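Dear colleague,

I am handing over the structure we spoke about. Please have a look at it before reading my notes below.

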Amino acid sequence: MKRNPIDVFDEWADLDKDFGMEKNHKSSVEQMLVCALDKKGPYTFIDAGCGNGWVVKSVARKPLCKQAIGVDGSKKMIQKAMKLDPSGYYICADLMSWIPKKKVDIVHSMEVFYYLENPEKMIQKIFDSWLKKKGRLLLGVDFYFENKVSHNWSESCGISNMKLFSEKEWISFFNTAGFRSIKSWQVGRLKNWSGTLVISGIK
Ligand SMILES: C[S@@+](CC[C@H](N)C(=O)[O-])C[C@H]1O[C@@H](n2cnc3c(N)ncnc32)[C@H](O)[C@@H]1O
């Protein structure tokens, strides 16, 4: 039987599977962040679906980062993030309903958006209510149409409601929301693995 993503990720936090995600996503995230963090001035940052907070912990320590916030719907992931990074800023909330008090310069998210109730609406909400003008949204997904080996993940992980979109569909969500300078590319390609699909857009 399939379960909802938050229940599964609560369990994964208990089973320390968050460390496996960190290990598996690290190289893609490092490559993704190069374009976002290549800034001359100070910036503020949100990791949407931050898991155990490993990205927030690293970005918050960069000299130009003025504030890094991690948001995740799993209470257990957030408890773990606060334990691993006691000085970090973490919030437990459903991304679809949460809004930051102040708009930020960069919203990053790795392997999260296809779990959301309405990814297209979320991208619009980030454009309208999360990002400052000229701010950047940077999404990474491994579960997408062109990455054929990912197609059975909903069954193999027992997670309900995973949405399989193509690169073209993700780009169209950014376009509809009003983003400009939209770019998409794949990092970490291997034989039989299309890599992490990265989509970036500027408000
Ligand atoms: C595959 S994990 C990725 C975690 C982290 N980005 C990483 O790379 O290690 C997906 C995360 O998204 C969170 N998530 C899924 N749906 C969510 C929602 N509606 N609101 C907030 N967080 C959500 C889960 O709790 C989980 O921590």
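Which of the 21 residues around the ligand come nearest? They are Phe9, Gly49, Gly51, Gly73 and Ser74. Sorted by class, the shell around the ligand holds 12 nonpolar, 5 polar and 4 charged residues. Please keep in mind that this is a predicted model.

Next, a pair of helices. Two packed helices are described by the angle between their axes and the distance between the axes. For helix α5 (residues 119-130) and helix α7 (residues 167-177), the axes come within 9 Å and cross at roughly 40°. An angle under 35 degrees would count as roughly parallel, and 65 to 115 as roughly perpendicular, so α5 and α7 are oblique to each other. The crossing of α5 past α7 is right-handed. On the α5 side the contact is made by Pro119, Glu120, Ile123, Gln124 and Phe127, and on the α7 side by Phe173, Phe174, Thr176 and Ala177. This contact of α5 with α7 comprises 6 nonpolar, 2 polar and 1 charged residues.

Last, two backbone angles. Asparagine 161 is not a glycine, yet has a positive phi of about 65°. The residue sits in the loop between α6 (153-157) and α7. Asparagine 161 counts as partly exposed because it has 13 C-beta neighbours inside 10 Å. Serine 181, in strand β6 (residues 180-187), also is a residue other than glycine with a positive phi, near 45°. Serine 181 has 11 C-beta neighbours inside 10 Å and therefore counts as exposed.

Regards

Definitions and conventions:
Residues numbered from 1 in each chain as written. Predicted model: local features only at pLDDT ≥ 70, side-chain atom pairs only at ≥ 80, totals over all residues. Axes fitted to C-alpha atoms, helices over the stretch in contact; angles between N-to-C directions. Helix = DSSP H or I, 4+ residues; strand = E, 2+ residues; numbered from the N terminus. Parallel < 35°, antiparallel > 145°, perpendicular 65-115°, else oblique. Left-handed = near helix turned anticlockwise from the far one by under 90°. Contact = placed C-beta atoms within 7 Å. Nonpolar A, V, L, I, M, F, W, Y, C, P; charged D, E, K, R; others polar. Near = placed C-beta within 6 Å. Buried ≥ 20, exposed ≤ 12 C-beta atoms within 10 Å, placed from the backbone.
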